[in-house]
Amino acid sequence: MNQTYAVAAVTSVVLATVLIGALGLRISRTTSDFYVASRTVRPALNAAAISGEYLSAASFLGIAGLVLVQGPAMLWYPVGYTAGYLVLLVLVAAPLRRSGAYTLSDFAEARLESRRARRLASLLVVGIGWLYLLPQLQGAGLTLEILTGAPDWVGGLLVALVVTGTVAAGGMRSITFVQAFQYWLKLTALLVPALFLLAAWYGDGAPRARFDAPAVLRDHTVVRIADTVRIGLAAPLTVTVTGSVDSVAYTGRTVTLAPGAHHVLGGTSLAFAPGSTLPERAADGSDPLGWSQPLAGGRDGHQLYATYGLILATFLGTMGLPHVAVRFYTSPHGRAARRTTLVVLGLVGAFYLLPGLYGALGRIYAPELALTGSADAAVLVLPDRILGGLLGDLLGALLAAGAFAAFLSTASGLTMSVAGVLTQDVLPSRASSRGVRHFRLATLLATAVPLAVGVVASKVPVADAVGLAFAVSASSFCPLLVLGIWWRRLTPPGAMAGLLLGGGSALAAVMATRAGLAPEGWAHTLMAWPAVWSVPLGFLTMVLVSLATPRRIPPGTPAILARLHLPEEITGAAPAQEARR
Amino acid sequence: MSGIALAAAAAAGAVLLAAGFVLGRSAARRGGRAADADLGTPVERATFHTLHTASLAAPPLRAGLTEETARKAARTLRSLLGTEALCLTDRGAVLAWDGPGEDHHRAHVPEQAAETLATGRSRSVHSGCDDPACPLRWAVIAPLTGEDGVLGALVAYGSRESAVLVRAATEVARWVSVQLELAELDRSRTRMVEAEIRALRAQISPHFIFNSLAAIASFVRTDPERARELLLEFADFTRYSFRKHGEFAQLADELRSIEQYLALAGARFGDRLKVTLQIAPEVLPVTLPFLCLQPLVENAVKHGLQERERGCRVTIAARDAGAEAVVTVEDDGIGMDPERLRAVLRGEHPAGSGIGLSNVDERLRQVYGAEHGLVIETGVGAGMKVTVRIPKYRPGVHPSAP
Amino acid sequence: MSEHQAARRSRRETVTYASALGDRPVPPPRPRPRTPHPPARSEIDEQTTLGHTYVRSLMRSQLRAALTALGALVLLVGPLPLLLALPAPETLVWAALGFGAYPVVWAVAHWYVRRAERNERDFTGLVETGSAETGSAETGSAGTGPVGTGSVGTGSVER
């Protein structure tokens, strides 16, 4: 791949972000246009902004990679990311807007009238934000590594620096326009290459992607194994090896490997002749790619469990993501919030048609990525692999720019939310120390922690890492929001117990799995996909503890529920601006 | 795998069966009951309308018990009671009569009602009518009470003695009494609202109102269309400013009101007043104390145009800053001596100017805490920039009806 | 911005309430004229406290709409993993997850939004028709039925 174009594309995206952050995108109006300036954000614009912030590169690169390695069952991820907005729409959207809350912590305080519940919610917001930032930084590192060969921490550091800089310097001044633009940029960056790739694929005789059999390499291919892997062979395989296989060192010798398991040391290059069958990775617990294995099938029962775990986490987790909740504040009223969500569903759904496509094309044209451990890069290498030449380079650069824009937009949205909550509720503060300096410190903290953890923690496919953040959100904020909005007997102790037990257990399970502490077998599956048990646990705890503490029902509950549900025509909370003209 | 597959097939089948069952049930139920039970069937809504219409007798009575209100109410009350005739009295005289028989019954009413007026107890008596053709054979007299005791009486006439008539008359009298009590409440509330409006009026400079009207008047001949538009702006502006209740409003509404204010100020000052606005749309739904920006803008316009012929520029900006919105109002006018301004903020008004600033500052600190007071950068002849930081969410701060 | 103006700006001093007080003791904040939940504040609060039943009815009908939408989602998507666990052709998986799920989800969402808005309209109508019709105050007086039969005044409403 020609690095120049890609580096230029990434650089220009980074520069543009820094410039927008520094100068601020404001709308200036003179008196005669006052009406335009004081008009609230329309649902379509706000929906594009929400989608732009939500569609993280980690998710679309990751989904394509997972589909490449494990087949179409991985498409549950995008379906879940989309359907999460349906659940958010029907249970949360309008009441959340009408609550007047800006962050999820605000909602907890407004509904429960308790500072302690607010602080606990804040801690969870920070935790989920960090969990979600982790794969963003990791994905950025991977992208830059593929594009330039830089070490994998460089990309994460670059994104962290740019985001910390722009957010600390005053933030995205008019974030709605920036993020809405990001959505269309991402869609274009993925759609245009996809059209070219599809045309090339059609011209190639439209070969079918096969996931039920080992992939067959179409050309002479040299695969460089990054991390030590075990491969399983069903038939004898002839390859030219430079490096070490089964503890025997080779230098460019052609060997025939017998059927069975083989141990390939990291750094080894395997050269395959055209038409040879690609060996499959043999999964074990320590293999990061084995993470999603249960989802793709194989072990009895694990697959169904993991699929339902994923469905629950993504369907119910979207509503609790910190950067999603704050965008609803921009809607002028509850009805607009609902319509906005409907448009978001359309925009997100349309976007998620593409990653699966890239995954399938990757399976046909770049199956060896499954072996090298960089399947998440499939989207980026495909133009070069399928089209080649200048066109391939340019399209590759476009994809890289889109991916980087996505890293920056999602990461900055998350950083803003996390830093805001850190400033308000977590960092110790006196009235005098509040303000800009405090916020900058919080911004630094918001990005430094996931960056550091990302270097230390074990690598899991980024789509899975995103899924973990959803699982924690689904087990903590989903019960809080749903019960808070629809159940009048919720009490602060109940809510806090539910947040702690549901969110805490999911977080613990996720952390333990990421740290490699989870034992083999069912225990691993249960801990890697905690939503199936942690979501009911969160709900149940909240309900039971609330029922046990009936005297702690906040006195303002009826008034708050009324405000959450009554249309603004009746409460009169909507801006009256649409009345005249 | 085949065991799993079989189990999966069985489970899927079961779920599909359940789905069909539920769908069938809901379809069947929909046939039976057309409307939403919570929001009312058509019959329930008709009942509701009926009750509502019955309650229409209330408004006249809400003005108190006078001859005019009694006359208006009597008609509705009689239809509500379904009696032959109905009479309303106050403590001294008959106020209204509805129905036949007024000619020969009206005169007897005071003596019949006297006992009820004295004791406050209802009575059911023969009407004492000799005319066999007259349908008014029986009378029920019920007291009408207010906070200070018996205010009058309601007399209902029927063709015969009847428990229904007694019950209906006493219930209607009780209901009328409630209305009369409410009328007294209404009067005290009106006094409160008036006091509130006076307080709000004090916040908007009376000069502004006079000047605006003068400016509008100057256009009436030269440019009637413009005068009409300005008058509408003026009406909107005053309606918003004098709204009766609510401590908080949305920034979008406040900006609309400021727009109207500036349109009116522009009519007066013409090209001398230039305004720049930089508004981030994210912060428009922010809730803030009602009318807390308008005084800042008014102040900026006043400072900008004082003692200057070449006009002034006022810049109003609202930007998004995470959990806060930052609103700034800046002018390039005469500025103010910082020491004098400090005295104003302390609550000492040396020359009477800047009271608006001090008022806004105090309200902001009361609502959001000491760190959210005004930050004012100014110097003599150096213009003035006022910065307000408004938290996007604060417990207890909710917009209310405009 | 001209240099002149920049120079003017540099002459400014920052004034806040805290700087106005200087070394003076901070006066205790005056009690707020109104608490966040004042006893008698306008119709809005009256509506929230007096109208519990109204609110609950609205909540129930909205919850019913929400649960119907969720039920549809569960019925349509819930059995899918089970179905796909069957030895299904790969094309089916692609069709269901890669494309088919999105229009279905959107259609359910669209239905819900329309339903929820209709509920709100119905509710607003239920609560507000009365005050809109105050003008027809005395039109229902023709009826002579006894109290409570429910027939009084319907005529005026139909008109």
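## Close-up views of a predicted model

**Figure 1. Domains of chain B.** The domain assignment divides chain B into domain 1, residues 54–190, and domain 2, residues 204–391. The model shown here and in the other views is predicted. Taken over C-alpha atoms, the centres of domain 1 of chain B and domain 2 of chain B are separated by 56 Å.

**Figure 2. Domains of chain A.** In chain A, the domain assignment gives a domain 1 that is written in several segments, 3–26 + 43–204 + 286–569. Domain 2 of chain A covers residues 221–277. Between the C-alpha centres of domain 1 of chain A and domain 2 of chain A there is a distance of 37 Å.

**Figure 3. The packing of helices α5 and α13 of chain A.** Helix α5 (residues 76–98) of chain A packs against helix α13 (residues 334–351) of chain A, with the two axes 8 Å apart and at an angle of about 165 degrees. Because this angle is over 145 degrees, α5(A) is roughly antiparallel to α13(A). The crossing of the two helices, α5(A) and α13(A), is right-handed. On the side of α5(A), the residues that make the contact include Tyr81(A), Tyr85(A), Leu88(A), Leu89(A) and Arg97(A). On the side of α13(A), they include Arg338(A), Leu342(A), Leu345(A) and Val348(A). Sorted by class, the contact of α5(A) with α13(A) comprises 13 nonpolar, four polar and four charged residues.

Figure 4. Pro383(A) belongs to helix α16 (residues 378–386) of chain A. Is Pro383(A) buried or exposed? Pro383(A) has 26 other C-beta atoms within 10 Å, and it is therefore buried, since 20 or more are required for that class. Apart from its neighbours within four places in sequence, Pro383(A) is in contact with Pro193(A), Leu197(A), Gly392(A), Leu395(A), Gly396(A) and Leu399(A). Leu353(A) lies 30 residues from Pro383(A) along the chain, and the C-alpha atoms of these two residues are 18 Å apart.

**Figure 5. Two residues with positive phi.** Glu113(A) is not a glycine, yet its phi is positive, about 50 degrees. Glu113(A) is placed in the loop that joins α6 (104–112) and α7 (115–148) of chain A. Since Glu113(A) has 17 C-beta neighbours inside 10 Å, this residue counts as partly exposed. In chain B, Leu291(B), also a residue other than glycine, has a positive phi near 55 degrees. The loop between β8 (287–289) and α11 (294–305) of chain B holds Leu291(B). With 21 C-beta neighbours inside 10 Å, Leu291(B) counts as buried.

**Figure 6. The fold of chain C.** Chain C contains seven helices and one strand. In sequence order, these elements follow the pattern α-β-α-α-α-α-α-α. Of the 159 residues in chain C, 27% are buried. Among the contacts in chain C with a separation of 6 or more, 53% join residues 24 or more positions apart.

**Figure 7. The contact between chain C and chain A.** The contact involves 39 residues from chain C and 40 residues from chain A. Four helices of chain C, namely α3 (42–50), α4 (52–77), α5 (80–85) and α6 (90–132), each supply at least two residues of the side that touches chain A. Which helix gives the most to the side of chain C that touches chain A? That helix is α6(C), with 21 residues. By class, this side of chain C has 27 nonpolar, nine polar and three charged residues.

Note on methods
Residues are numbered from 1 along each chain as its sequence is written. Chains are lettered from A and ligands numbered from 1 in the order in which they are written. This is a predicted model: local features need pLDDT of at least 70, side-chain atom pairs count only at pLDDT 80 or more; totals for chains, interfaces and linings use all residues. Domain bounds come from an automatic or database domain assignment. A residue is buried if 20 or more other C-beta atoms lie within 10 Å of its own, exposed if 12 or fewer, and partly exposed in between; C-beta atoms are placed from the backbone. Two residues are in contact if their C-beta atoms, placed from the backbone, lie within 7 Å. Axes are lines fitted to C-alpha atoms, for helices over the stretch in contact, and angles run from 0 to 180 degrees between N-to-C directions. Angles under 35 degrees count as roughly parallel, over 145 as roughly antiparallel, 65 to 115 as roughly perpendicular and the rest as oblique. A crossing is left-handed if the near helix is turned anticlockwise from the far one by less than a right angle, and right-handed if clockwise. Ala, Val, Leu, Ile, Met, Phe, Trp, Tyr, Cys and Pro count as nonpolar, Asp, Glu, Lys and Arg as charged, and the others, Gly among them, as polar.
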